[in-house]
Amino acid sequence: MKFVLRGHEPRWLAPVAVLVAVLVTLALTAVPIRLAGAAPLAAYERYLVTPLTSTHGLHEVLLTATPLLFTGIAVAIAFRAGYWNIGAEGQFLLGAIGTTWVGTTFTDLPAPVALPLGFLAGAAGGLLWAVVPAWLKRRAGIDEVVTTLLLNPVALLVVQGLLNGPWRNSSSGFTDSDRLGSGFDLPALIPDSRVHWGFGVAVVVIVVTGVVLARTATGVRIKAAGQAPRAAEFSGVDVGRLQWRCALVSGAIAGLGGASQVMGVQHQLTAGISDGYGYTGVIVATLGGLSAIGVVLVALLLGDISVGAQNVSLVLQVPAQLGAMFSALLLLAVLSAMSWRRYRLQWRPRPRSGGSR
Amino acid sequence: MTGGATDTVARPLLELTGITKRYGDLLANDDVSLRVAPGEVVAMLGENGAGKSTLMKVVYGLVRPDAGTVAVDGRPLDISSPKDAMGAGIGMVTQEFSLVETMTVTDNVALSGTGLGRVDRAETRRRVVEAMERVGVSLDPDRLVGSLSIGERQRVEIVKALFHDCRVVILDEPTAVLTPQDVRALFETVRRLRAAGLGILVVSHKLREVAEISDRVVVLRRGRLVGDRVTATVRDEELAALMMGGSTDEVAAATATPAGEPSELEAAVGMGDPEPVQPAGAGPTTGEPVLLLTGLTVSRGGRDVLSGIDLTVRAGEIVGLAGVSGNGQTELVEVLSGTLPVTSGTLEVDGQDVTSADVGRRLAAGLGRLTEDRRGSVVPQMSVEYNLVLEDLPAYTKRGLLDRKAVRAHAEAMIERFDIRARPADAVATLSGGNMQKVLLARALARRPRVLVVAQPTRGLDIGAYRYVHQQLDELRTEGAGVLLVSEDLDELRALSDRVVVLFRGEVVGEMPVAEASPDRLGVLMAGGGSS
Ligand SMILES: Nc1ncnc2c1ncn2[C@@H]1O[C@H](COP(=O)(O)OP(=O)(O)OP(=O)(O)O)[C@@H](O)[C@H]1O
Ligand SMILES: [Mg+2]
């Protein structure tokens, strides 16, 4: 058995590969679920199906998917351009800081002014955090994988520093910031649910990005720069400048995610404002094939699984971490399955007699 | 090696039976059967995209056929990787080289080694030298491959292929990148291998070379083997007809010329007997300059690769740039293309100073380019249609969005015009060598540039495409554009140019109207005989 490079990629291949990966993941997670003393089939149902069978569950899925939509599309843009931004986590946190700053400073602003300002501040924060590695890459050719990644824990330290120092809650004394002014509360997108307007903003950002990537000259240039920088350069694309811009846009969008989470869910800055959303964004972008529609589908799927995981742990008494394990295994399985898009598995027939060895 | 050399005539060394290879709904190889006897050189001809490389790759284990068998010495083989092929005594030099430039000749050859295990440098070096002697190649085994010329690099590839005891050698378009002198050296090697009883399979587009080197010639058309002839008795017209799929008469009629003059077909099949498309030298030389280089100097790694170049290309003329490869032509094309910065001097395109302009501004000024570095000019994973418009995206944008219908229509028109064997949505990576070249030519020519800089425009093209490209260049000149033609093929230069400029060690050492550019004179200048 061996892998052989594939020429044409049949259309059905990508969906089938994902399906196979999901089945493999299910089979693999059966073992730990069993060990935890639950029935795998019942667990799967609760992971994947139960959240979707109630309105409340559906709402929770959308809510959980919201930050992943932001970070996923942010990473996808950068990756497309060949700029490996692993720093969406830090950019998300800086976005949250930016929003918290305006939200706790200008507490009396009315919503029509406050909300745009809050998003703007979030985007600015994310962009700021993306500037340093992008600049280092452009000016000095320093590898962005390392710099963006290393800045993530730094961002978390900044958050913790602020919460332990100047931003410590003035009434409770806990290490959470003060509550944002009420004008900064994102209204519900769906009445009587926790789904807030951040989801709407995410969808708009994704649609715009999707159109730019798939239907404009800029999108073609980004693709060329990412896939064959030398050829892109030859054809008049300023690859360095394009990557620089994509890096900043990517950071700004990740920052919007932070803004959305602060204004829509927490209404204050907490050290746990990001549940690894920036890192999960890398998974979302990669599994989604760096396309807008792919990002939406994967973000919703991961939202589904994580809502389901809470449910499973409550009802079936298995650790909630099984949900994270499920996502991680899924990533591995899908990535392996995606290699079929480029390679074909070939069963090597038994060497015939006389075949040379 | 097993197998006696006694009854070699009866038993083929290499035998392909019913090889079929399908890519989607395209039949790249369709039930191809072929035999090569020991001590026989078989040449393979066929249009771009006919399936020649695919067939060679099947034999060498790079491509798995859907059906058919490969046998060496009558024993069917299970070849599914080059390693298996090497083990079975098959060596191959592919269309594109795979050498590590920062390593020495010895190391590059030894890299291909199967099962050398521990590396004994002295022993390896000795074996490499031995292999070079066997093949008749003289190269310094300790030189870095990066410092070798293209011809020398190919010799390294050959040594690599023959490092292990090889019985069958496959050469895929080995002469495409070679200078005439290098071709001679290569053929010397091939004859030596033939004398040693090896079976040799060689792909070429040049009938003249086929006639010179092969014993038998086979023709592939759209994946099928359509002809198998003895070289000594076959006529060029017949081969051309087999390749292109007409009858001999049709082909002869289509290319008929007044008696006495060499026919256009002869010119084409000889690939560049000096038969100008238009009487050379007749082009006007009084047009305004569309490309003007003054004192152009370029340094690379502290060394002047081009020094003080003064060169003018006028509207309505083709200027040929001659020179042995490595004398600054590549750098000149790069610097004009905008991928290598000018150190001093100026560069004007159609009256605009573009000395320090980026690629986009040069394109806007009316510059078209085709460089030697084909791989570096296309985005392999991107479709043919988008590669075709990559330099002109704004022209295909309507209200901010790409006009996908227009992109598709343009691609279809180019595919038709240049006879590109591909569909618009195919990834360029899947195209045959010649078809990829056609995509790049189409991109450069479709822009109707004011001045076109082309390097080796017909390298790797089949007879039909060769003629078509020459016609296109000629047409461009008639329309009043200027062309700077860089070619290692002197015949091509003399057939197309109005003027010839000779480059030696980064300097212009001669310039003359084509009528005075005899091969002998050019040869002397190119060898540095004209420099003061
Ligand atoms: N990996 C692939 N996927 C899809 N199609 C392919 C692939 N490789 C080759 N083809 C197609 O198969 C056909 C034959 O290609 P091949 O490279 O064998 O042509 P060729 O005869 O060597 O041409 P050339 O003279 O231009 O080198 C072409 O139409 C090409 O587009
Ligand atoms: Mg080929």
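I take buried to mean under 20% relative accessible area, exposed over 50% and partly exposed in between, with a 1.4 Å probe and protein chains only.

**Ground rules.** I am working on a predicted model, in which local features need pLDDT of at least 70 and side-chain atom pairs count only at pLDDT 80 or more, while totals for chains, interfaces and linings use all residues. Residues are numbered from 1 along each chain as its sequence is written, chains are lettered from A and ligands numbered from 1 in the order in which they are written, and side-chain values use heavy atoms, with hydrogens and water left out.

**Asp84 of chain B.** I looked up Asp84(B) and found it buried, because its relative accessible area is 16%. Asp84(B) belongs to helix H2 (residues 82-87) of chain B; helices (H or I, at least four residues) and strands (E, at least two) are DSSP runs, numbered from the N terminus. From Asp84(B) to Gly61(B) I noted 7.2 Å, C-alpha to C-alpha, for a separation of 23 residues in sequence.

**Chain B overall.** I noted 18 helices and 22 strands in chain B, and 55% of its 532 residues count as buried.

**Helix H5 of chain B.** The 13 residues of H5(B) (residues 150-162) should span 18 Å at 1.5 Å a residue, and the end C-alpha atoms are 19 Å apart, which agrees; the expected span is 1.5 Å times one less than the number of residues. Twelve of the 13 residues are buried, so I describe H5(B) as largely enclosed by the rest of the structure. Among the buried ones I listed Arg153(B), Glu157(B) and Lys160(B). Their cover includes strands S6 (90-93) and S7 (168-171) and helices H3 (105-111), H4 (121-135) and H6 (180-195) of chain B, where contact means heavy atoms within 4.5 Å.

**Helix pairs in chain A.** I then turned to H4(A) (residues 88-105) and H5(A) (residues 111-140), which pack at an angle of about 140° with their axes 7 Å apart. Axes are lines fitted to C-alpha atoms, for helices over the stretch in contact, and angles run from 0 to 180 degrees between N-to-C directions. The pair is therefore oblique, given that under 35 degrees counts as roughly parallel, over 145 as roughly antiparallel, 65 to 115 as roughly perpendicular and the rest as oblique. On the H4(A) side I noted residues including Gly95(A) and Gly98(A), which take part in meeting a set in H5(A) that includes Gly122(A) and Trp129(A).

H5(A) also packs with H10(A) (residues 239-266), at about 145° and with axes 6 Å apart.
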